[in-house]
Every structure is written in structure tokens, then in C-alpha cells.
Amino acid sequence: MRDRFPLLVVGGLVLTAVLASQLVKGARRGEFADTLSTYRAQEDGARALFLLAEESGLPVTRRMADLRVSGSGPSMPVLLGVEVEGSREDDLEQTQLAAEPDAGLDDERTPRKGFNTFRASHLDDQEVTQLLSHVAAGGSVVYVPWGSRENPLLDALGVKLVKADTTLPMRTLVPPLSTPYTLGVERVEVKVQAYLELPETAVAVLEDERLGRMVAAVIPHGQGRVLVVGAPELAMNVALARADNAQFWLSALAALGPGPYEFDEFHHGFTNERSVVDFARRYGLHFAVLQLLAGVALWSVALKRFGRPRPPLEAARVGATDALFAMARLYREGRHHGFAAKLLSRGLTQELALHAGLPANASHGVVSDALKERGRQDLAQGLDDVATRAESATSDNDLQQLTAHAAQLRQSIHPAGKPRRSPPGTP
């Protein structure tokens, strides 16, 4: 195991470095969040839209709970790139013809990024029912689907998505008629993912200037209405500075209702639960976490040493030997054989007390009984023998034999094969 320990340490350090790099990468400002999340400050995020509405005086907030949990008051959910459970592709051949040859169908699902990849969830059937009930009771909803896949929410509204040709350049969208949703809007420039096939009761909001196909519309449902936009890029940070894109959102939100406008973040992986890791990722505490990991790594390395024990320096070895001989001469000249023997017995008792799970000041009788209970009859008998000999030691020969017996007993505490042979001249 000792030979493999350096390899384990190196592997642990590599793993720590990889995890630390991922933590630092995810903790970069605005990069930890999901696509179209109002926390994400990158080009494909929606942070600019949230701040635009907030700076314009609109009451905006972020929703950290699923739609099954009713809010404290009337609100307008804003769903940006939220997947719906049960989504499907009714016309797969049409979608393949519209997509680039090497693009595949991966662009039909919202690209997940950041640390919330595994925490992002779909809008389930119960949430869809709750959302439709909210609209039918007179509420409003903004829904920006990703791709052109059909889902139960669009089915309930009577809307069908048609995949836009991915080879087409950026499209210019114009209001087909004057409505409060496009107040002050002359043109909108954005890349379109899907065109809308609408029911007769829908109110067209934006259409492709060249193709005449609808991209955004308001669909009535019960006493309420839903704004559906087939261009997710229109909500992204990169698109708000073009043409009248920002004005479109201000006019559309204001026309849909007074708010407050709840940007859904629960389905992007954000909840009301908080942890140290969340704060580290969001508020820049990752350096403190890295310091903690580095401290743990250094502490684990300090517990072990690499390779075999190094022999002491010659000066230290000679000095210790000289001190030992000087002490032995003092005891010999003063004929303190009994006192020296008791010191040996006491030292052995303290060492065996730790092995028996007792404090170091326990008497040799208590230590002997504890060793017997642990099944070490040999150590208990040896300790009693050393204690008996220490009481009757009166000469150098008695002390030497007692020392040899105590050393042999210490070697048998942790047996590891045959005992080593004593050097020549040692009794």
C-alpha cells in the first residue's frame, strides 16, 4: 500500500485540479446559468431582457418554484426556452429538409449549459394544466419555445410550429397590423427558428417581411391570452440592440397586463434552495472553496511520507548515543538499578496502555487485564513479568536482561513475520 500511495495522491490531486477548473469555469460571472436564463450574461442569455424591463419600470421578478405552486398574487409567467414534457416532432421529414445537412436535429432541444445542466426540468402535464387554468381565468403568459417541436401546451392553444430554413439569413419582421403589442415598433431583426400556424382567433403580432409567415402572435384562451414567439433569439442579450427589438418587448409586456412579470428560472435549474456551492458558483466564493480543497489536499499529503524512512543524520545519531551512554553511566555509578528498572517498566506500561485503549497513566495491573480482554495474553503475561523483574533488579546484568525482554515485548505488539535476530553480543 505504501508503494501505491504516491500514485493515489497524484490521482487525487489531478481529480481535485479537474474539479477546481470546472468550478472556476462555472463561477465566471453570468456563465453558470442555462441558455435563455435571466441569470446568464452571455450572448445566448436573457439577462439583458430582465434588466431592460426592470430599468423601464416594469415589475419583474424571477420565479424559483414550479408552476404547481400558486403565487401570492396575480402574475404573468414568462417562459423562455422551457421544454414541455411530451414534446414531439409530427413532421420529421419537413424538419430534416429545413435543417442544415450536418446540423442534425440537436438544435430542436434547448442547449443546456453551466452547472444547471442536470437540474433543468421539463414543464410536466400538471404544470401545463395549471398554466392553462391560469390563462383561462383571465391571466396572461409569454411563451418562447425552442425549435419546432409540438407539445401539449401548443396543442391546447391550437398552434403548430413549422421549422424555418436554417440557411436563411437574419430575418426582418414587421407588424402586419397596428396593435398595442407593437406600439412604436417598425421592424424587428432576428433569426427565426419556427414559423407559426395559428387558429382563426389569434392576433398576429410579427410576420416575416419577405415570406409573409407569422413569427409572433397572441392566442386567446378562455378569458386570458398567450404570446407565442417562434424566434428564441429575440429574447437573447445579443439581439436586443438591433432595430426595435427592445421596444417590442416593452410594448408587448405592457399590453399583456400590469404584471408582475415572473421570468421562470425553476425550469432552468434554479430553486429556492440555497447551499454553499450555489453561493460559490453565483457570488464568486469559488476561490474560498479552492483554498479549502487545497488545504485538505495538503493535510492529506502531510499525514504520509513518500518512500522509506530516512536514517537520522550522523551528528544526531552520535549525540543521542552519547546521551544514552552518559545516562547509563550515571545510573551505574550511583547504583540506581531499581529506579532505572522502574522507568523501563513504566515506559512499557504506557505504550501498552495506548494499545489497550487506556490512558497513559493507567497502572500495569489495569493494562494487563485490558490486554487479556482483547485476547493478547502474551502481552499481558510479558508486562507482568517485566513489572516483577523491575522490583528485584539490583545489578547491571538484571537491568540488561530486563531491557532485552522489554524490547522483545515491544516488537511483538504488531507482529509482522519472524522477529529480527539480535546483533552479536546482545543477550
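Buried, as used here, means under 20% relative accessible area. Methionine 76 comes in at 3%, so it counts as buried. Keep in mind that this is a predicted model.

**Around methionine 76**

- Methionine 76 sits in strand β2, which covers residues 76–80.
- If you skip the neighbours within four places in sequence, methionine 76 touches Ser140, Val141 and Val142, along with Leu253, Leu256, Gly257, Pro260, Tyr261 and Glu262.

**Aromatic pairs**

- Searching the whole structure turns up two aromatic pairs.
- One of them joins phenylalanine 50 and phenylalanine 263 in an edge-to-face arrangement, with 5.6 Å between the ring centres and 75 degrees between the planes.
- Phenylalanine 50 belongs to helix α2 (residues 47–55) and phenylalanine 263 to strand β11 (residues 261–264), so this pair ties together parts that lie 213 residues apart in sequence.
- Both partners are tucked away by the same cut-off of under 20%: phenylalanine 50 is buried at a relative accessible area of 6%, and phenylalanine 263 is buried at 2%.
- The pair of phenylalanine 248 and tryptophan 249 is edge-to-face as well, at 5.5 Å centre to centre and 65 degrees between the planes.
- Phenylalanine 248 has 0% relative accessibility, so it counts as buried.
- Tryptophan 249 has 1% relative accessibility and counts as buried too.

**Helix α10 against helix α12**

- Two packed helices are described by the angle between their axes and the distance between those axes.
- For helix α10 (residues 337–355) and helix α12 (residues 377–392), the angle is about 160 degrees and the axes are 8 Å apart.
- Anything over 145 degrees counts as roughly antiparallel, and that angle therefore makes α10 roughly antiparallel to α12.
- The crossing of α10 past α12 is left-handed.
- On the α10 side, the contact is made by Gly338, Ala341, Lys342, Ser345, Leu348, Thr349, Leu352 and His355.
- On the α12 side, the contact residues are Leu379, Leu383, Val386, Ala387, Ala390 and Glu391.
- Sorted by type, the residues of this α10–α12 contact come out as eight nonpolar, four polar and two charged.

Methods:
Residues are numbered from 1 along each chain as its sequence is written. This is a predicted model: local features need pLDDT of at least 70, side-chain atom pairs count only at pLDDT 80 or more; totals for chains, interfaces and linings use all residues. Side-chain values use heavy atoms; hydrogens and water are left out. Axes are lines fitted to C-alpha atoms, for helices over the stretch in contact, and angles run from 0 to 180 degrees between N-to-C directions. Helices (H or I, at least four residues) and strands (E, at least two) are DSSP runs, numbered from the N terminus. Angles under 35 degrees count as roughly parallel, over 145 as roughly antiparallel, 65 to 115 as roughly perpendicular and the rest as oblique. A crossing is left-handed if the near helix is turned anticlockwise from the far one by less than a right angle, and right-handed if clockwise. Contact means heavy atoms within 4.5 Å. Ala, Val, Leu, Ile, Met, Phe, Trp, Tyr, Cys and Pro count as nonpolar, Asp, Glu, Lys and Arg as charged, and the others, Gly among them, as polar. Rings of Phe, Tyr and Trp (its six-membered ring) pair if their centres lie within 6.5 Å; planes under 30 degrees apart count as stacked, over 60 as edge-to-face and the rest as tilted. Buried means under 20% relative accessible area, exposed over 50%, partly exposed in between (1.4 Å probe, protein chains only).
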